[in-house]
Amino acid sequence: MRDTPRHWKPLQKLQRHEMYRRPEIVEETAKHYGISLSEATLKLDIEEAKCDYYVNHLYQVQVQPTGPDNMMTAICIRRRDGAADLRDWRHFQQIKNELCGPEREGFELYPAESRKVDTSNKWHIFVLPEGVRMDGIGWTERNVQYDDSNKGVPGLRQRAL
């Protein structure tokens, strides 16, 4: 039995020479920080040097260390087609598994309004260091169902992988 989502294509790491930065990003960065275009370009170069980038047919993913002592991993996901209303939990789980490992735990944060960042159609997963678990939060045992045996039971229907 496969354990990856249907129609999933593995993420491919982009090399630096494959990256493309749109001029509008540089302009918006300069405007936001009140700096010149060359300063904005340098700022973006410095930030991008900390990251790795991956793509497949659906997603572009940015990965970088974060948290105390950079022990956590921040995964920033956006759809390549720009869709803001289409997300699949199984895809995000697969992205986390491919980039950080299947036994590392990650979470989405819904912050206090005073810490909210909402500037573009992206999703963020914060992945804990290897071996660290969110004990007391979530389930303790695996329970998956990839067939349609509950098809007739309201509230328990699952789509196939």
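## Before we start

A polar contact is a pair of N or O atoms within 3.5 Å; within protein, one has to be able to donate a hydrogen and the other to accept it, and residues adjacent in sequence count only if both atoms are side-chain atoms. Helices (H or I, at least four residues) and strands (E, at least two) are DSSP runs, numbered from the N terminus.

This is a predicted model, where local features need pLDDT of at least 70 and side-chain atom pairs count only at pLDDT 80 or more, while totals for chains, interfaces and linings use all residues. Residues are numbered from 1 along each chain as its sequence is written, and side-chain values use heavy atoms, leaving out hydrogens and water.

## The whole chain

Let's start with the overall layout. The protein chain has three helices and six strands, and reading along the sequence gives you β-α-α-β-β-β-α-β-β. Its C-alpha atoms fill a box of roughly 60 × 35 × 30 Å along the principal axes.

Of the 161 residues, 26% are buried. Buried means under 20% relative accessible area, exposed means over 50%, and partly exposed is in between (1.4 Å probe, protein chains only).

## Helix α3

At the start of α3, a side-chain oxygen of D88 comes to within 2.8 Å of the backbone nitrogen of R90. The helix itself has twelve residues and spans 16 Å from its first C-alpha to its last, close to the 16 Å expected at 1.5 Å a residue. That expected span is 1.5 Å times one less than the number of residues. Just after α3, G101 takes a positive phi of about 115°.

Which residues of α3 are buried? They are R90, H91, F92, Q94, I95, K96 and C100. Their cover includes β3 (59–66), β4 (72–79) and β6. An α-helix has 3.6 residues a turn, so residues three or four places apart point the same way.

## Zooming in on Q94

Q94 sits in helix α3 (residues 89–100). It counts as buried because its relative accessible area is 10%. Leaving aside residues up to four places away in sequence, Q94 touches D3, T4, P5 and W8, where contact means heavy atoms within 4.5 Å.

## K116, out in a loop

K116 lies in the loop between β5 (106–107) and β6 (123–127). Is K116 buried or partly exposed? K116 is partly exposed, because its relative accessibility is 46%.

The side chain of K116 makes a polar contact with the side chain of E113, at 3.1 Å. K116 and R133 are 17 residues apart in sequence, and their C-alpha atoms are 25 Å apart in space.
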